[in-house]
Amino acid sequence: LAELPRYQIAERFGPEVGLRLDQAAGRVAEVITPFHPEPEAAASWTFDDPMQRHEVVVKVLDLLLERLQAILEKRHGGTRLIECVLEQKDAPAQRFECSLSRPAQKASYLSVLLRTRLEQIHVQAPIRAMCVRAIVLERLPDDQLGLFDTGGEATESALAQLLDSLASRLGRDVVTRARFVADPQPELACRFESALAPEASEPGAADSRVFVHRPLRLFARPV
């Protein structure tokens, strides 16, 4: 391209190609806008003295979640995976996380889940600092309910709350759901995966296509 006349390049490819050639050769300045990543969505607290009282730790946890909620509200998003780190005195830090079935940002909702996870761990030493971090961020949907759509959103919210509560108590890998798999053998026609995994498409849209190539009748195995 550099050997061709400029008017031919402009006629065939447009003026943008000639400009990029001049910028690559250093004949025209190119302004590069630097990318500044957003700081992580996190809130931390340092105790004046190492703390062992459970009720104080829970109160600080609620305070940190309120700060995290303010950060998420400014970004118009929620978290699908939240982590809490307990810095202990003269002991390794303890980490525990909580997965959610859909993004959430309310401190009251996240507090119930993290409190359940906190009760399941054994704190070996007094806590000198705490940190709550939203690891996976997603934008909250801006859906508006229709005039007659009154029960669908409430049902989905109740189901998501149930899945999150079970996952926080039993673990993410224990709470599963069945998904159809395109296989002619009935015993291999489904698999179980985490119920908190995000949907790849609309519910039921992919499952209905599984049976397209499945035979309607299975004959006996030939001898």
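## Close-up views of a predicted model

**View 1. Glutamine 124 touches Gln88 and Gln94, leaving out residues up to four places away in sequence.** Touching, or contact, stands for heavy atoms within 4.5 Å. The model is predicted, with local features needing pLDDT of at least 70 and side-chain atom pairs counting only at pLDDT 80 or more, while totals for chains, interfaces and linings use all residues. Residues are numbered from 1 along each chain as its sequence is written, and side-chain values use heavy atoms, with hydrogens and water left out. Glutamine 124 belongs to the loop between α4 and β4; helices (H or I, at least four residues) and strands (E, at least two) are DSSP runs numbered from the N terminus. Is this glutamine 124 buried or exposed? Glutamine 124 is exposed, at a relative accessible area of 56%; the cut-offs are under 20% for buried, over 50% for exposed and partly exposed in between (1.4 Å probe, protein chains only). From C-alpha to C-alpha, glutamine 124 is 9.0 Å from proline 92, although 32 residues separate the two in sequence.

**View 2. The whole chain has five helices and six strands.** Starting at the N terminus, you can follow the elements in the order α-α-β-α-β-β-α-β-α-β-β. Of the chain's 223 residues, 30% count as buried. The chain exposes about 15,700 Å², of which carbon and sulfur atoms supply 55%; accessible areas come from the Shrake-Rupley method with a 1.4 Å probe, and for residues only the protein chains shown count as cover. Among contacts with a separation of 6 or more, 64% link residues 24 or more positions apart.

**View 3. Four strands form an open sheet in the order β1-β4-β2-β3, with antiparallel pairing.** Two strands pair if DSSP finds at least two bridges between them. β1 and β3 are the edge strands, each pairing on one side only. On average, neighbouring strands of this sheet are turned by 15 degrees against each other, direction ignored. Strands β2 and β4 pair over 11 bridges; here glutamate 83 stands opposite arginine 133 in β4, and glycine 77 stands opposite arginine 139 in β4. On the other pairing, β2 and β3 are joined over seven bridges, with leucine 86 opposite glutamine 94 in β3. Between β2 and β3, the hairpin has five residues, and aspartate 90 takes a positive phi near 55 degrees there.

**View 4. Helix α3 lies across β1, β2, β3 and β4.** Its direction runs at about 160 degrees to β1; axes are lines fitted to C-alpha atoms, for helices over the stretch in contact, and angles run from 0 to 180 degrees between N-to-C directions. Helix α4 also packs on the sheet, touching β2 and β3, and makes about 145 degrees with the direction of β3. In α3 you will find aspartate 62, which counts as buried at 18% relative accessibility. Which residues does aspartate 62 touch, not counting those up to four places away in sequence? They are Ser111 and Arg115. A polar contact of 2.4 Å joins the side chains of aspartate 62 and arginine 115; such a contact is a pair of N or O atoms within 3.5 Å, where within protein one must be able to donate a hydrogen and the other to accept it, and residues adjacent in sequence count only if both atoms are side-chain atoms.

**View 5. Strand β2 holds threonine 79.** Of the 12 residues of β2, 11 are buried, so this strand is largely enclosed by the rest of the structure. Threonine 79 is itself buried, at a relative accessible area of 0%. A polar atom of its side chain lies 2.9 Å from the backbone oxygen of leucine 81. Beyond its neighbours within four places in sequence, threonine 79 is in contact with residues including Leu72, Leu100, Leu110 and Val136.

**View 6. The largest nonpolar core has 28 residues.** Such a core is a set of buried Ala, Val, Leu, Ile, Met, Phe, Trp, Tyr and Cys residues joined through side-chain atoms within 4.5 Å. Leu65, Leu68, Ile82, Met130 and Val132 touch the most other members. At least two residues each come from β1, α3, β2, β3, α4 and β4, and α3 gives the most, with eight. Leaving aside neighbours within four places in sequence, leucine 68 is in contact with Ala41, Ala42, Ala43, Ile82, Val132 and Ala134. Apart from this core lies another, of five residues, among them Ala167, Val175, Ala195 and Leu196.
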